Amino acid sequence: MRRLAALLTLLSAAPAGAETLTVMSFNIWGGGGNEGKDISQTVAAIRASGADVVGVQETRLEGEACTADACPPTGASVAAAIAAALGWHVHDQTAENPALWANAVISRYPIGAVSANDLGVQLDVNGTPVWLFNIHHDDEPYQPYQVLGIEYGPAPFVKTAAEAEGFARDTRGPAMDLLMADMAVAGDAVTLVTGDFNEPSYLDWTPEAVAAGQQPLAVMWPTTLRLTEAGFTDAYRAVYPDPVAKPAFTWTPMGDEADPEDHPDRIDFVFVRGARVTAASIVGETGPRSDIALDPWPADHRAVVATIAF
């Protein structure tokens, strides 16, 4: 009977004839190169996730002069080497604009058209067009640190949700404007957004999370709110709606969550429009924050992976 129930659950997750796609958002930290690791561990992490397509951030190394104010990437992108190891297609997002920092899309499915600002690519998923937009937003000023009085660059500390929301709009609003403009090309097609947002979700900084001691105050973070208002679904929260039970921190697998000079948070996302989310997981090191574990973990972010049906 248990086998029958499991089979019925799987059948209900994706209707007969539906196409499925598993998408990953992964800040790879230079493919491990910022800690002197080669790309093999990054490739292993992608394989372990079961992803079909990956929105990758930080395909290049951090420069030696990296500060909170400015941190230009240096060296060559490792995206092509990762794609070659997987036998996949790749598009390096080489445009310079506020929504990109050494990004790439790596896909087992063919990659076609590219959006005007290089934020998105069209995938051919067995004859069905799917658009994936992959972004990396600015991390300075970083509002959780501003709220918590953690020094990071010259930004002032803030005390209220309204102040945090205002700084977030100023920091990432121009990048979101570019994203919204680029996404017009997708029309009614299934559309995905992956990225390191460097901003938490309004679905996580809730009154309930504050009461649990998980967050300092409730904040309607504008980047995730703007995508919700544009018709997108936060894939992980679609599956795990309670941020207290499943905080799903992606920042950071390194260090101690109780460190007063940092704050754990979910800042890496998969957003979906035009398809149904059937599964979602956090991918990282063995531990309570990871749904899929791989050791050693090569990056300073955990990744998120989601499966959709359309």
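D92 is placed in strand β5, which spans residues 89-93; strands (E, at least two residues) and helices (H or I, at least four) are DSSP runs, numbered from the N terminus. The structure is a predicted model, in which local features need pLDDT of at least 70, side-chain atom pairs count only at pLDDT 80 or more, and totals for chains, interfaces and linings use all residues. Residues are numbered from 1 along each chain as its sequence is written, and side-chain values use heavy atoms, with hydrogens and water left out.

With a relative accessibility of 25%, D92 counts as partly exposed (buried is under 20% relative accessible area, exposed is over 50%, and partly exposed lies in between, with a 1.4 Å probe and protein chains only). Neighbours within four places in sequence aside, D92 is in contact (heavy atoms within 4.5 Å) with T59, S77, A79, A80, N103, A104 and D118. One of these residues, A80, is twelve residues from D92 along the chain, and the two C-alpha atoms are separated by 7.8 Å.

V193 belongs to strand β10, residues 190-196, and is buried, its relative accessible area being 0%. Residues up to four places away in sequence not counted, V193 touches F133, I135, L179, M183, L227, F232, F269, V270 and F271. V23 is 170 residues from V193 in sequence, while their C-alpha atoms are 9.6 Å apart in space.

For the protein as a whole, the secondary structure comprises eight helices and 15 strands. Of its 310 residues, 52% count as buried. Among the contacts with a separation of 6 or more, 69% are made by residues 24 or more positions apart. The radius of gyration is 19 Å, in agreement with the value near 19 Å for a compact globule of 310 residues; this radius is taken over C-alpha atoms, and the globule rule is 2.2 Å times the number of residues to the power 0.38. Along the principal axes, the C-alpha atoms fill a box of roughly 55 × 45 × 40 Å.

The protein exposes about 12900 Å², of which carbon and sulfur atoms supply 55%; accessible areas come from the Shrake-Rupley method with a 1.4 Å probe. The mean positions of the 17 positive and 40 negative charges are 10 Å apart. Lys and Arg count as positive and Asp and Glu as negative, without His and the chain ends, and each charge is placed at NZ of Lys, CZ of Arg, CG of Asp or CD of Glu.

An unreviewed UniProt entry annotates residues 24-301 as "domain: Endonuclease/exonuclease/phosphatase"; such annotations may be inferred rather than shown by experiment. Over residues 24-301, the chain is 23% helix and 24% strand, with the end C-alpha atoms 13 Å apart.
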